[in-house]
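I'm opening my notebook and jotting down what I look up, one entry at a time. Let me put the structure up first.

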Amino acid sequence: MNELKIIFAGPVGSGKTTAIETLSDAAPVSTNQSASDMTRIRKSKTTVAMDYGTMTLDDQEKIHLYGTPGQERFDFMWDILTNNGLGLVLLLDNTRRDPLNDMTFFLESFKDYINETAVSIGITQTKIVPLLKMDQYHRKLKELGFKGPIFEVDARSFNDMSHLVQALLFTIDPGLECSA
Amino acid sequence: MSEQSLSDETIAVSFLGVDKRSMSAYEFFFNGMKQIPCELVDDISQAQLCLVDKDAYNIQEKYKKLRQEYPDKLILFLSLEEPSCLDDKEFFLQKPVKKNALQASLTQIYHLLSGKTVNTTPINSTEEKTDTLNNNDKFSQKVDIHSENNQPQIAAINNQIKDNTIVSIKTPAKEKPKTLTAKAGQLLKVVNEKDFVGQQADIDINDPAQLEKIFYEPNKFLQAIVEKVCIKSRQAEAIIQLNVLNHVFYFDYQEQKVYSTVGPGIIRPLCLLPHDHHISYKIKDPAFRAQLHEIIQANKNKTIKKNRENQSWNMEAFMWLITLWCSRGRLPKGTSLSNPVYLMQWPNLTRLDPVPHAVHISALLYKQPHTLLEITQQLGIEQRYVFAFYSACKSVGLAHVSRREVDKIFVPEKAARHKNKSILSKLLSKLAGFKDKSEMNEIA
């Protein structure tokens with residue numbers, strides 16, 4: 001059985017949890033629900049305080065959607081999550097102090113993974129404070145030596161998230177076709 | 001050691017200074033690591049191993065307390081910087097924590113606890129890994145970490161972790177992907193598709209009579225006027241009022257917005273008519289900005305009662321929309337069919353009116369230049385989709401015909417197929433055909 005993952009990364013508040021909720025078939029395991037209760041992490045793995053969802057393709061196959069934990073810069077240990085990953089969906093919050101710096105940080109942190117797979121970037125919160133124009137993100141992406149789609153997204157919108165994941169899939173394999 | 005043993009088969013692990021989300025990630029990792037079973041415990045007295053984030057706030061004090069209470073506990077430090085000294089119960093793992101290194105550490109600690117010999121196979125992630133652990137192995141022989149006999153073993157473990165060595169683990173063989181069965185769909189249904197891409201059937205480009213049908217002249221349509229006014233607004237850094245017949249548009253470069261007193265129901269027919277002398281525009285005073293907001297609000301209040309058509313757009317989205325309505329699946333006259341075209345960057349497809357197959361075309365074209373006909377052939381889609389997409393991208397400055405000779409000489413590479421293409425195709429179908437949550441893309 002193939003169990004592939006799509007990794008959702010980005011700074012706190014960029015919409016990873018919401019994006020996974022939007023795409024997931026099953027009720028996703030929400031970080032926010034269990035993070036407040038440390039004592040619930042028992043030896044027999046009772047609560048998983050992490051953004052996680054699934055998209056079921058048929059009886060046999062599922063795509064796992066993982067939101068990266070470790071909101072603090074020094075807690076990054078994302079490498080352990082990217083095994084068997086299809087690609088990275090990077091969400092950036094346009095209202096943060098320096099979204100381009102966030103972009104640099106995450107792209108550099110996932111550099112090896114992106115080089116093996118692909119990245120698709122969603123910019124959230126663009127309606128609240130349009131700090132940066134899309135061109136600035138594109139310029140930064142090129143400057144950092146990466147290629148990929150960048151879309152404005154609302155993590156609550158299936159249409160937006162679907163576009164972002166489709167773009168990731170076609171970047172991975174432009175010859176892709178829908179199955180019957 | 002008996003007080004630390006939760007099970008004879010697992011390493012009982014607890015955390016100190018590790019945030020909850022990271023703990024969960026570790027738990028996921030442990031769950032997937034069948035060869036070295038680890039179990040999370042919240043009671044530190046039950047743990048055999050404690051993972052300590054050495055960079056956490058106020059960790060020194062907490063760690064000191066932990067060592068006072070549990071002096072025999074094995075510790076795995078996670079830190080950006082290597083500690084200056086480690087005692088015989090302390091191990092170290094450099095951040096960012098890599099899965100191979102973590103696996104190596106746990107494997108070595110497992111071996112230490114179970115009394116096995118330390119394996120010194122170097123890590124090589126690209127090579128197939130073989131299982132050196134017997135699944136029936138138990139922690140029947142616990143290692144006394146205080147024993148002097150075991151000190152070289154502990155030192156060896158720390159050295160191996162430092163040198164990034166690992167006991168190799170066999171990875172299961174991948175399932176063979178199933179064959180594809182169907183052609184690509186349109187990927188996100190588009191309501192009133194013909195308004196955007198027309199209905200023109202594919203033509204034979206060798207037939208000059210048919211060739212005429214795929215071109216249009218933007219200069220004769222509203223597209224050229226909108227393009228000029230956008231440029232004028234940028235140059236003047238001012239709001240420009242454009243009158244088309246009896247309808248008014250305001251172009252605000254500063255806000256990157258276009259406002260109109262009418263909606264798509266009126267604007268689209270304007271795109272079908274050739275324009276010349278019915279057009280006038282004027283540059284407004286800076287003071288007009290305040291007035292503009294009042295006009296927009298008043299118009300909004302008025303029109304909301306009648307219908308809910310959109311009457312303001314991002315400037316780029318407006319240009320894109322007008323171009324689609326004017327081109328209707330055709331190309332600007334003079335566009336070369338034999339020269340490759342290139343895409344400078346992905347269009348912001350989530351905020352632009354939809355063109356069927358746009359995501360697919362973007363991915364192919366962004367990867368490398370192709371002629372427009374190569375794209376239709378390679379993707380197996382009708383010409384009008386590619387032509388509409390190119391016309392719209394060109395009007396917003398994202399696509400151009402390549403003038404480089406090198407692009408003509410090199411035949412575009414056929415993209416390598418992904419090893420899991422069957423699953424990706426299923427996922428694509430799911431995303432494209434999702435009905436319950438998705439909203440259909442409607443015209444503006």
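Predicted model: local features only at pLDDT ≥ 70, side-chain atom pairs only at ≥ 80, totals over all residues.

**Entry 1: chain A, the overview**

How many helices and strands does chain A have? I counted six helices and six strands.

Residues are numbered from 1 along each chain as its sequence is written, while chains are lettered from A and ligands numbered from 1 in the order in which they are written.

Reading along the sequence, I get the pattern β-α-α-β-β-β-α-α-β-α-β-α for chain A. Chain A has 180 residues, and 54% of them count as buried. Buried means that 20 or more other C-beta atoms lie within 10 Å of the residue's own; exposed means 12 or fewer, partly exposed is in between, and the C-beta atoms are placed from the backbone.

I also checked contacts, where two residues qualify if their C-beta atoms, placed from the backbone, lie within 7 Å. Among chain A contacts between residues at least 6 apart in sequence, 70% join residues at least 24 apart.

**Entry 2: a strand and a leucine in chain A**

Next I looked at strand E3 (residues 62-67) of chain A. Six of its six residues are buried, so the strand is largely enclosed by the rest of the structure. In a regular strand the side chains alternate between the two faces of the sheet. For E3(A), I find A:Lys62, A:His64 and A:Tyr66 buried on one side, and A:Ile63, A:Leu65 and A:Gly67 buried on the other.

Strand E2 (residues 52-56) of chain A runs antiparallel to E3(A), and five bridges join them. Two strands pair if DSSP finds at least two bridges between them. Across this pair, A:Thr56 stands opposite A:Lys62.

Then I picked A:Leu88, which is found in strand E4 (residues 85-93) of chain A. Is A:Leu88 buried or exposed? A:Leu88 counts as buried because it has 25 C-beta neighbours inside 10 Å. Beyond its neighbours within four places in sequence, its contacts include A:Ile7, A:Ala9, A:Phe110 and A:Tyr113. A:Tyr113 is 25 residues away along the chain, yet the C-alpha atoms of A:Leu88 and A:Tyr113 are separated by 8.0 Å.

**Entry 3: a sheet in chain B**

Over to chain B, where five strands form an open sheet with parallel pairing, in the order E2-E1-E3-E4-E5. The edges are strand E2 (38-40) and strand E5 (90-94), each pairing on one side only. On average, neighbouring strands here are turned by 30° against each other, direction ignored. Angles come from axes, which are lines fitted to C-alpha atoms (for helices, over the stretch in contact), and run from 0 to 180 degrees between N-to-C directions.

Strand E1 (residues 11-16) of chain B pairs with E2(B) in the parallel sense over three bridges. I spotted B:Ile11 opposite B:Cys38 of E2(B). Helix H2 (residues 59-69) of chain B packs on this sheet, touching E1 and strand E3 (49-53), and its direction makes about 165° with that of E3(B).

**Entry 4: helices crossing in chain B**

Two packed helices are described by the angle between their axes and the distance between the axes. Helix H12 (residues 372-379) and helix H13 (residues 383-395) of chain B have axes that come within 9 Å and cross at roughly 130°. That makes H12(B) oblique to H13(B). The cut-offs: under 35 degrees is roughly parallel, over 145 roughly antiparallel, 65 to 115 roughly perpendicular, and the rest oblique.

Which residues meet? B:Leu372, B:Ile375 and B:Thr376 of H12(B) meet B:Gln383, B:Val386, B:Phe387 and B:Tyr390 of H13(B).

B:Glu237 has a positive phi of about 50° although it is not a glycine. This residue lies in the loop between helix H7 (222-236) and strand E7 (239-244) of chain B. B:Leu245 also isn't a glycine, and has a positive phi of about 55°. With 12 C-beta neighbours inside 10 Å, B:Leu245 counts as exposed.

Methods:
Helix = DSSP H or I, 4+ residues; strand = E, 2+ residues; numbered from the N terminus.
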